[in-house]
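Here are my notes on the fold and on one ligand site. Please read them with the coordinates open.

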Amino acid sequence: MIFVTGGAGFIGANFVMDWLRQNDEHIVNIDALTYAGNLESLSSLQGDTRHIFVKGDIGDTTLISKLLEKHQPRAVLNFAAESHVDRSIHGPEAFVQTNVVGTFHLLESVRTYWDKLKEGSKTNFRFLHVSTDEVYGSLTKDEPAFSETHRYEPNSPYSASKAASDHLVRSYHHTYGLPVLTTNCSNNYGPYHFPEKLIPLVIVNALAGKILPIYGDGQQIRDWLFVTDHCSAIRRVLEAGTLGETYNVGGWNEKANLDIVHTVCALLDELRPQQDGNKYCKQIAFVADRPGHDQRYAIDAQKIERELGWKPAETFETGIRKTVQWYLDNQEWVTNVQSGAYREWVEKNYTV
Ligand code: NAD
Ligand code: DAU
């Protein structure tokens, strides 16, 4: 039995489904179901007794402690977070609350549980914290990719709150001996990605005849990884990672935002051509830049490759085609996710 937090979000839901495709070890999935949590993403698991969903906050120590006592997991994997940079600019408090205070409470609940475990279970227990490359800050065009020893230089309230959570996790290993592992991953894309983030936003807006908003000049670079490759990296780190270590996870796929948007448009032109013959890239519009916009992220994934033998299975070409096709095949998921709260957020972000 393992615990997953934030398992109704984009990466968490993909992880839960992927995990149960690989083996029968049960999962208790604890998610607060914020705007980003969507149980519909897990509908394929309805009636599957291997998956137990609990609506709850990682900061609720009473609930988490009760669940830990009851289910006695061998590992806790922490995906739960506020994850959108633009939202952290408009309202940083929720980020501090969940990513910092929430992670702290979760660590406290887990430490209390772990302290009482019998020797074998105690040694085998793992707390795996899912983090981001954004904690390392921004690179110039020619700087080497982020390695695990790159210093922390977070630039947004989001990345600062994730950096703080990484430090807390590290400190629980050094101070209390809690067996922790941390992964710092680059930009994910794939099915069930909430359409506030670049790739799903562009697919959804293109199909709806809306603008495809490019912040600034669109030359910022991100390093893209298909979500199931992130999931396999997490499984591998959980299985064989060295305690107290961090592992950078990335796809060796650096792309400028504008190129990403053109790639998505070209795929849509091929897979869902417009009846009037127009190309989707005509909808591209350059809009105000993100404040403090990081110029470039790039992950040096040599450590996880060398020490744990992990490599991504998808290329960007195969992954992005699967992603676009998934959104074309799952329009209902998109419609349902676009609740009132989501619409309000889009208005706020793109009108101020
Ligand atoms: P997401 O926003 O899609 O999902 C987050 C999930 O956490 C949601 O289901 C939400 O309901 C839940 N949640 C939020 N606050 C909670 C709380 N207090 N208690 C319990 N549940 C709560 O995020 P995502 O893109 O799936 O990211 C998951 C994790 O991976 C995050 O920690 C993020 O920082 C990290 N990460 C994301 C990316 C990426 O490209 N998306 C890359 C690297 C790392
Ligand atoms: O690097 C990992 C991080 O990747 C994760 O930790 C975050 O949780 C995740 O949201 C993501 O952060 P980014 O800020 O890189 O992702 P986003 O999809 O928001 O933006 C990708 C790039 O596209 C970024 O340079 C901003 C730009 N962008 C984004 C949106 C939403 C646009 O140009 N227009 C847009 O409308």
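1. First, a term: two strands count as paired if DSSP finds at least two bridges between them. The model is predicted. On that basis it contains an open sheet of seven strands, ordered 3-2-1-4-5-6-10, with parallel pairing. Strand 3 (51-55) and strand 10 (246-249) are the edges, each pairing on one side only. From one strand to the next, the twist averages 20°.

2. Look next at strand 1 (residues 2-5) and strand 4 (residues 75-78). They run parallel and are joined by four bridges. Within this pair, Val-4 stands opposite Leu-77 of strand 4. Helix 4 (residues 93-115) packs on the sheet and touches strand 1, strand 4 and strand 5 (126-132). The direction of helix 4 makes about 165° with that of strand 5.

3. Now ligand 2. Its surroundings comprise 25 residues, the closest being Thr-132, Asp-133, Tyr-158, Arg-290 and His-293. By class, the shell has 10 nonpolar, eight polar and seven charged residues.

4. Which elements supply the shell around ligand 2 with at least two residues each? Helix 3 (85-90), helix 7 (198-207) and strand 8 (212-215) do. Strand 8 gives the most, with three residues.

5. Polar contacts deserve a check. An oxygen atom of ligand 2 lies 2.6 Å from a side-chain N or O atom of Tyr-158. For the side chain of Asn-187, the corresponding distance to a ligand oxygen is 2.7 Å. A polar backbone atom of Leu-198 is 2.8 Å from an oxygen atom of ligand 2. The protein covers 95% of the 680 Å² of accessible area that ligand 2 has on its own.

Note on methods. Residues numbered from 1 in each chain as written. Chains lettered and ligands numbered in written order. Predicted model: local features only at pLDDT ≥ 70, side-chain atom pairs only at ≥ 80, totals over all residues. Heavy atoms only, no water. Axes fitted to C-alpha atoms, helices over the stretch in contact; angles between N-to-C directions. Contact = heavy atoms within 4.5 Å. Near = heavy atom within 4 Å. Polar contact = N/O pair within 3.5 Å; in protein donor to acceptor, adjacent residues only side chain to side chain. Areas by Shrake-Rupley, 256 points an atom, 1.4 Å probe, with all protein chains shown as cover. Nonpolar A, V, L, I, M, F, W, Y, C, P; charged D, E, K, R; others polar.
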